Amino acid sequence: MAVSDTIRGFRTQFLYTIHRVIYDCNSDLLYAPEGIEDLDIKKNGIVIETIQIKNYNKKIQPSDLTSPAGTTSFFKRAINTLSKNKNACIHFVSFGEVGNYLQNTSSLKEFLKQNKKDKELRNNAKLLSLQYKLSVVDESTLYNEISTKLKVQFPAFNPDKEIKYMLQWVSEKAENHNDFTYEEFIKELQCYQAFENRQKAALSELGIRIIPLFDQSLHLDTNVLKQQFYSGISASSCHIANDLDIIRPEKNIAIHNAFKEKNVVIINGASGQGKSTLAYRYIKDNCALAFEIMYCDMYSLSNLRATLTELCTGLTVPVTLYFDAKPADDSWILLVKTFSVVKNVRCLISLRNEDWNQYRSRLGSEVMYKDIELTLNKSEAQLIYKALCQHNKKIIVDFESSWDKLGNNVPLLEFVYFITQGQALKDKLASQWNLLSQNEKTVFEKIITVNFFGGKIKRRSKVLLEHGSYSNVQNAIEKYIGEFFVENTNGFLSEVHPIRTKILIESIYGNDSDIMIENALSFYFKSEINDAHLYLLNLYREGMATNQLISFATNEPILPAKQFAGIVRALIWKGTEEYFSENRPLIDLLKEKSGPLWEFHLPVNFTEINIKQSLVNLLKYCHEAHDVSNIVDSFPSQYQIFRSLNNFISNKLTVSCSSSSDWITLSDALYRISLGHSSPCIKLKGEIESALLTTAEISSILLGLKSLKIKEDCWGALEKIFIKKLRIEQLITNFFISDRSIEATCYLDYIGGNDCLTNHQLKDYSTNSYLVRIINLLRRAFPDKESYHVKLGKDDLSDMIIDSEKNILKSNLPIDAGLKLELALLINIRTKLAYPTKRIMLQD
């Protein structure tokens, strides 16, 4: 039986199950999918009907109802069922034609009596034929009848969404061998309808950071989508929603089986191997509740976790979160760690081989995952070729010559392009590039170079108009949209696909990486780059020298805030790499002498917490621990990590902020600089628009400015706004600031829920976590204080609360950025040495 038959069979099997449940409408019955047969129906603990369901692409014969090994069959199992209940119905349901012997009771009886190999079947031929029932059904009729029936009961019933959800619910029941009743089915359906009603409002809080997948039909031009998909662009959910992909059933089943074992599945492979296409296809076919995460950080993931926890109350079908990691992006690790332990949430990640190999050690032992490496071998390529030929009758290239020309390591994208377009993608792009005018090449060189390193540039950017008139540049861009780049809704030009961009980069620069790096650096300060540090890390991987970066940066009269912050983070990352390289012998010796405790002994601590004495006290009880103090004392100062950064910020720099997000990004960079005990000469330009900022954002800005004693004239105004907003949000009645401490008394809003519990933070309703969150905000806004004391005010319910007061010293409250800096160093070491992770305090 083909894999495709198996997938189709499961879907229609569960569709028939739903049909039976709602049309039986019987509270006394118990339904057991994947019981003795595909569906067993019980009453008072006894099987009253056993149902075998088949959906093949051929006429079904009695032999198809026998197990592959021939050891059992539908009718052999039916004899056992009838021995316990002679009135049980032996029901065969087919989604297609059946052979003569299965069409009625007399034909079946004749067939069974003629069975020379099995005496038991011959002896029970009469009983089996008397209890036998045949139903020939079709998928569309079942679907329409389910929709009609449920719309009567639930006028707002949406068949496209709700039947898909209930199919997965039945599937989960089948896989776990759980029975269910009609009432449980209806209750689950009602829970899903409640989810649908809450979803729109809940997700609006999260903005564009998360989008529902395959949630609604999009009326897009299929011909346009088809042309895009087969011309080698990055796949989107729209392409898969219109079934333009070639289904890879074995890969789909591999993901499905992986999720049976673990909640995290990671698809890794080279660019162009169809990772995102496969992920979207799996989600479309198997996941009723799925969301794509567009952006990962601690704040947005905390909100997402809280929202999903509340949103999915009562649902038993897992929620699937999908994240397609961009090159050098490691934020997916935070996503996985946040949700890997959350009940009923599954994470599906797709990323490149090189990033998987670099970052996999950071998952540690706390994340249980299955990884699937995606490659294209000749046998699968041949199946895809046949499927493409069925889709497109105009294909004229033959498989063998195509495979020989492209080679064994060809990415799926290039293989599909060659088959459907009749020429290699590399040849097509090279010929297009050679036909361009010199001005067009100059304009496109900027766009493609920025894209290659992870950035994007506005279509109407001034930097693109330096070598041509506005109309000429726009016409040229319009002509090559979809070939060299794509335009998003905000007018930014980004890459069509990494493979296309890499081919174009080779056409532009050949082997001259020096010119490529120089151009990429000059474009860095003129482009819109969301993850600026990743852009620079990609440059480092291509061979950029630190002196080059600093030279370009210091020649800029004004540095945009996000580009400045990117430089700070990239130089710190480079510093951690150099620290490892220069101290490799000492690290190896420390690892040899202290084993898994090596990370605790490593003399690097940017948390502002003195953990050295705690470690000494802890090791007093560990008699097998070696004294490694001489090794530890041999390490150079941890501030060696900031050597390149200090070289950069020793120059006179002007940094401009044009938005609130700029100030937030900049403030994080300022705090990171302060960890190096540096004294930079930085002038800031721009005004802080604090009215729309949250308390968390204001506290972050205050932390950055205060850590380097910059812009002191605006501290007071920011503090006043922060305190005012915090007092309103947390119902703070008493608020006292002294030279050394802060004290606050707050009240819980039992009816409405304090704002920090409902909108801005993880919905952990323990008062301990609630008070600690307030203290963390105070710690960032007022980093000079020595202690922070917050308590709940007395009311009618306060005597029932255990944790009603927290008093925490600054020395026990690390800032996230300090932890992340230590983590960056440890990641560099672990990645290069494959050391195990033991330092629990440094989890993200």
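## Overall picture

Buried residues account for 52% of the 844 residues in the protein, and the model examined here is a predicted one. Its secondary structure comes to 37 helices and 22 strands. When contacts between residues at least 6 apart in sequence are considered, 72% of them join residues at least 24 apart.

## Strand β11 and its two partners

Strand β11, which covers residues 345-352, is mostly covered, since eight of its eight residues are buried. In a regular strand the side chains alternate between the two faces of the sheet. For β11 both faces are covered: one side carries Val 345, Cys 347, Ile 349 and Leu 351, while the other carries Arg 346, Leu 348, Ser 350 and Arg 352, and these are all buried.

Strands of a sheet pair through backbone hydrogen bonds, either parallel or antiparallel. Strand β8 (residues 264-269) pairs with β11 in the parallel sense over six bridges, and within this pairing Val 264 has Cys 347 of β11 as its bridge partner. Strand β10 (residues 319-324) also pairs with β11 in the parallel sense over six bridges, and here the bridge partner of Tyr 322 in β11 is Leu 348. To get from β10 to β11 the chain passes through helix α14 (residues 332-339), and this β-α-β crossover is right-handed. Asn 344 counts as partly exposed, at 27% relative accessibility.

## An open sheet of four strands

Another part of the structure is an open sheet of four strands in the order β19-β20-β21-β22, in which the pairing is mixed. Its edges are formed by β19 (732-737) and β22 (805-809), each of which has a single partner strand, so one side of each is left without a neighbour in the sheet. Neighbouring strands of this sheet are turned by 5° against each other on average, with direction ignored. Strand β20 (residues 741-746) and strand β21 (residues 787-792) run parallel and are joined by six bridges, one of the bridge pairs being Cys 746 with Leu 792 in β21.

Helices also pack on this sheet, among them α34 (residues 715-730), which touches β19 and β20 and whose direction makes about 145° with that of β19. Helix α36 packs on the sheet as well, touching β19, β20, β21 and β22, and its direction makes about 140° with that of β21.

## A sheet of three strands

Three strands form a further open sheet in the order β13-β15-β14, with antiparallel pairing. Here β13 (457-458) and β14 (486-487) stand at the edges, and because each has a single partner strand, one side of each is left without a neighbour in the sheet. Strand β13 pairs with strand β15 (residues 492-494) over two bridges in the antiparallel sense, and Ile 457 has Leu 493 of β15 as its bridge partner.

## Two individual residues

Tyr 230 lies in helix α9 (residues 222-230) and is buried, with a relative accessible area of 11%, which is under the 20% limit for a buried residue. Leaving aside residues up to four places away in sequence, Tyr 230 touches Leu 244, Ile 246, Leu 388, His 391, Val 416, Tyr 417, Thr 420 and Gln 421. The C-alpha atoms of Tyr 230 and Glu 414 are separated by 9.7 Å, although these two residues are 184 residues apart along the chain.

His 177 is found in the loop between α7 (159-175) and β6 (180-181). His 177 is exposed, with a relative accessible area of 58%, and has a positive phi of about 55° although it is not a glycine.

Key:
Residues numbered from 1 in each chain as written. Predicted model: local features only at pLDDT ≥ 70, side-chain atom pairs only at ≥ 80, totals over all residues. Heavy atoms only, no water. Pairing = 2+ DSSP bridges. Buried < 20%, exposed > 50% of the residue type's maximum accessible area, 1.4 Å probe, protein only. Right-handed = clockwise from strand over helix to strand, strands pointing away. Axes fitted to C-alpha atoms, helices over the stretch in contact; angles between N-to-C directions. Contact = heavy atoms within 4.5 Å.
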